[in-house]
Amino acid sequence: RLKIFLPITILAFAVLVPVNWTNDTLDDLKVVHSDIDNLSISNIPYGSKRFIAHLVMAYVFTFWTCYVLKNEYERVATMRLRFLASEKRRPDQFTVLVRNIPPDPDESVSELVEHFFLVNHPDHYLKHQTVYNANKLADLVEKKKKMRNWLDYYQNKLERKSKRP
């Protein structure tokens, strides 16, 4: 943050404050204002060429911010690449997630994936693992547990009734 705001602050105090402070627009308008208002753009008269200083400074501030951010992002990207290059090779660094495979009546999803990678990337393909959405299965298992509880309840109830004369 200091790389952006410190130079902008110094530049604003060196250029914009003198440009604004040396005008008497607010005094001439006879409006109620404080001394801090003399430092603002409101002290520049309408149509004054001093307004160009504010316009130029807005561009300078914008370009400076973009320049600093670009350099910082390049530095972060370089550090990240160095870090990734220094790590030991792990399978998850070479893993590809494939989703939304269109259904084929002739082949299973697993066969489709294997066929695709063997045809298109035969030198780089090692293996695949198909992962299915198990939410429906979990719901069915939960429903089975509930039904089993009810079955046990009614079996116990039936046994009690049959033991009585």
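**Close-up views of a predicted helical model**

**View 1. Helix 1 and helix 3 meet here, with the buried residues of helix 1 packing against helix 3.** This is a predicted model, in which local features need pLDDT of at least 70, side-chain atom pairs count only at pLDDT 80 or more, and totals for chains, interfaces and linings use all residues. Residues are numbered from 1 along each chain as its sequence is written, and side-chain values use heavy atoms, with hydrogens and water left out. Helices are DSSP runs of H or I with at least four residues, numbered from the N terminus. On helix 1, look for Ile-4, Ile-8, Ala-12, Leu-16, Val-19 and Asn-20, which are its buried residues. Buried means under 20% relative accessible area, exposed over 50%, and partly exposed in between (1.4 Å probe, protein chains only). On helix 3, the buried residues are Ala-53, His-54, Met-57, Phe-61 and Val-68, and their cover includes helix 1 (2–21).

**View 2. The largest nonpolar core has 10 residues.** Such a core is a set of buried Ala, Val, Leu, Ile, Met, Phe, Trp, Tyr and Cys residues joined through side-chain atoms within 4.5 Å. Its members are Ile-4, Ile-8, Ala-12, Leu-16, Val-19, Ile-44, Ala-53, Met-57, Phe-61 and Val-68. Helix 1 and helix 3 are the elements that give two or more residues to this core, and the largest share, five residues, comes from helix 1.

**View 3. Ala-12 marks a bend of about 35° in helix 1.** The bend at a residue is the angle between axes fitted to the seven residues ending there and the seven starting there. Leaving aside neighbours within four places in sequence, Ala-12 is in contact (heavy atoms within 4.5 Å) with Val-17 and Phe-61. The UniProt annotation "signal peptide", from an unreviewed entry, covers residues 1–22; UniProt annotations may be inferred rather than shown by experiment. Over residues 1–22 the chain is 91% helix and 0% strand, with end C-alpha atoms 30 Å apart.

**View 4. Helix 3 runs through residues 51–86.** Its 36 residues should span 52 Å at 1.5 Å a residue, and the end C-alpha atoms are 53 Å apart, which agrees. The expected span is 1.5 Å times one less than the number of residues. The unreviewed UniProt entry places a "transmembrane region" annotation on residues 51–69. That span is 100% helix and 0% strand, and its end C-alpha atoms lie 27 Å apart.

**View 5. Phe-116, Phe-117 and Tyr-125 are linked into a cluster by ring pairs.** The whole structure holds seven aromatic pairs. Rings of Phe, Tyr and Trp (its six-membered ring) pair if their centres lie within 6.5 Å; planes under 30 degrees apart count as stacked, over 60 as edge-to-face and the rest as tilted. The Phe-116 and Phe-117 rings are edge-to-face, because their centres are 5.2 Å apart and their planes stand at 90°. Phe-116 is partly exposed at 43% relative accessibility, whereas Phe-117 is buried at 16%.

**View 6. Trp-150 and Tyr-153 form an edge-to-face pair, with ring centres 5.8 Å apart and planes at 90°.** Both lie in helix 5 (residues 135–163), three residues apart, about one turn of the helix. Tyr-153 is partly exposed, with a relative accessible area of 43%.

**View 7. Asn-100 has a positive phi, near 55°, in a residue other than glycine.** Most residues other than glycine have a negative phi. You will find Asn-100 in the loop between helix 3 and helix 4 (109–120), exposed at 74% relative accessible area.
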